[in-house]
Structure formats: C-alpha cells, structure tokens
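Have the structure open as you read.

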Amino acid sequence: MHGVGKQYLSEDSLARDVVPELRGGTRLAGGPVPNDDEVHVAFYGDLFRPRGARTGHHPRYDAADVETEEEFALLMAWWAEAARTDPDVPGPDEVDGRGLAAWAASRTMRLRSVRAALDALTGARFLRGVLDRVLIGDLKQVTDYFTNASVRSAARERVAARITPETRVVVAHSLGSVIAYETLCDSELSAGWNIHTLVTLGSPLGMGALVLDRLQPEPVGRRAAWPTPLWSWTNIADTTDIVSAIRELRPAFGSRVTDLTVCNGAHMHDVSRYLTAVETGQAITAGLRRENWSS
C-alpha cells in the first residue's frame, strides 16, 4: 500500500518498482521470499489525480495554496520535525522570534510562515531538490484524505479489494498506513480476514491532533482501537523521517505493536529504502511463517 505522490502512476507501474524491493528485503532477512504473484499492490493514487487537467505535471502550487488550517498545521509539524532532526534546518523561532502563534495571527504573517517553512524544508539535506509544488501537493493529499469522504471511502475499498482470506501480511507506507489501519478496523470490509502481521513504514499514525485524533474509529483518550483481523504489528520509521514524527505507535495502539527505527540515508521517507531494510524483511517473513497461529 503506497503513500502520497503516486497519482500519475498505476497499479502495474507501482508493482514494477516495489515488488522486487519487497522480495529483496525478505531475501536479505533469510526468507521465505514470496513469488511475484503472491504480492498484490493496492493502488489508490489516481483518486488524487486532477480531472481534465494536463497530465504528467503537478499543479503549480505556491505558498498561497496552503489554505486550510489542516494544511497549515501539518506543514508546521513537518518543519518542526525537520528542524529537530537536521541541524542545518532553522526552526520557526530561529527564523522569527515571535514563533508560530504570532505567525498564524494574520494572512500576511501566515503566508510568511508558510514561505519560511517551505524554504527550510526544501533546504533540508533529505529534501534537497524537492520542489515547493510537490511538497504542497503531498501535503494536500494527506489532508484531503481526512476531509473528503468519497476519497476516504474509495481508498479503503481499493485496499479491501486486494486483501483476501488468504492474505497474511499487509505492508503499508506513509498515508497508506492510515488507509490500511482504517480498512482493517472496518468490520464490514474486513470480515473473514486473518492478517498475521501489519508492517507500517514511515507512518504518520501517531501524530496526535493531525492524524491520530481523526481516525475512524475515533480513539478514546488517544488510545486507538485494535483491528480485529490483526495479530501483530511492526512499525518501522527512519530516525529523520518527518512524516513519522511520532515514531512509537505502541503507546497509542497497544502492546502488540513493535516499534523499530532504521536508517534510510539521504532518502528518509523513500519506500524502496524501507522495503530493502532487513528489519522490514524480518517483519514480513515472520508474518509469512506464522501459519500455525491460533487464538
């Protein structure tokens, strides 16, 4: 299950890229290595593709296009996390001593804060070369999932269509981890499933008011429901991944979550780097070997 920014791909092109990496990661972990026809991609990226627009290009977003409170708050959270993990990225208070609260007080100050955040993020060592419009587009996909009911429902249905009673491991990256979690929690969609292991990569699920509090089903006291069809959960995050700013999901999702950190080098959120990490391969192979699990 993929993350944001895949709107111009397809299920087949994505599978061409990620399935070999997944198989390679399980081989590094000692197997078993699933066959190509045993790995299925749940693709929902086209739900975010602009209709009737010129294809192959991101909309030319700029700072003024960060419009909603949700978009602004998520961008600021990414900025704060980038500043925390990268000494070369100035934090909000370093750029303007008044801090974010003052910046959000007016449209002019808010636009300045967005511009400063984009400058800081695209100058980070792990985001150099990323264009503003790409970053803003990714930001909008995350927030759109939570605010657009039709997109949310369709994305879950895409995931459910790829899971069968024989599916034992679900691997989900970035926003895909949110969709996977909500799909597994949906008793109608997940009826008859027996998932040994959920593996989440670079997941934003732990991000308090921005993600965790907006999940369905709604957490109670920031304690989220456990998906009924699921036995175990391994959550893997790069130590500098700004998308997974809260790297430990165990406090919110329960004791059956195992939280691990990895190093993806200069590409902190790249799915290929996650899939080839031996920790990911070990989590997948453990799930594939648990055929004799019982209640």
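## The largest pocket

The lining of the largest pocket comprises 23 nonpolar, 6 polar and 6 charged residues. This is a predicted model, and the pocket holds about 790 Å³ of space. Its lining counts 35 residues, with Leu22, Glu38, Val39, His40 and Val169 closest to the centre.

Strand β1 gives the largest share of this lining, 5 residues. At least two residues each come from α1 (11-28), α7, β1, α10 (271-275) and α11 (278-288).

## The second largest pocket

Next comes a pocket with about 610 Å³ of space. Leu127, Val130, Asp138, His269 and Asp270 lie nearest its centre, among 26 lining residues. Helix α6 provides the largest share of the lining, 4 residues, and by class the lining has 15 nonpolar, 6 polar and 5 charged residues.

## An enclosed helix

Helix α8 (residues 175-185) is largely enclosed by the rest of the structure, because 11 of its 11 residues are buried. Among them are Val178, Tyr181 and Glu182. The buried residues of α8 pack against the helices α6 (132-147), α7 (149-162) and α9 (250-253), and against the strands β1 (169-173), β2 (195-201) and β3 (230-238).

In soluble globular proteins, nonpolar side chains tend to be buried together. Here the largest nonpolar core has 64 residues, and Leu75, Leu215, Trp233 and Phe253 touch the most other members. A second, separate core of 20 residues includes Val169, Val171, Leu201 and Ile284.

Take a look at Trp233 too: beyond its neighbours within four places in sequence, its contacts include Tyr181, Leu198, Trp226, Phe253 and Arg256.

Methods:
Residues are numbered from 1 along each chain as its sequence is written. This is a predicted model: local features need pLDDT of at least 70, side-chain atom pairs count only at pLDDT 80 or more; totals for chains, interfaces and linings use all residues. Side-chain values use heavy atoms; hydrogens and water are left out. Buried means under 20% relative accessible area, exposed over 50%, partly exposed in between (1.4 Å probe, protein chains only). Contact means heavy atoms within 4.5 Å. A nonpolar core is a set of buried Ala, Val, Leu, Ile, Met, Phe, Trp, Tyr and Cys residues joined through side-chain atoms within 4.5 Å. On a 1 Å grid over the protein atoms alone, a cavity is a set of points where a 1.4 Å probe fits but cannot get out, and a pocket is an open set with protein on both sides within 12 Å along at least five of seven lines; lining residues have an atom within 4 Å of a point. Grid points are joined across faces, edges and corners, and a volume is the space filled by probe spheres set on the points. Ala, Val, Leu, Ile, Met, Phe, Trp, Tyr, Cys and Pro count as nonpolar, Asp, Glu, Lys and Arg as charged, and the others, Gly among them, as polar.
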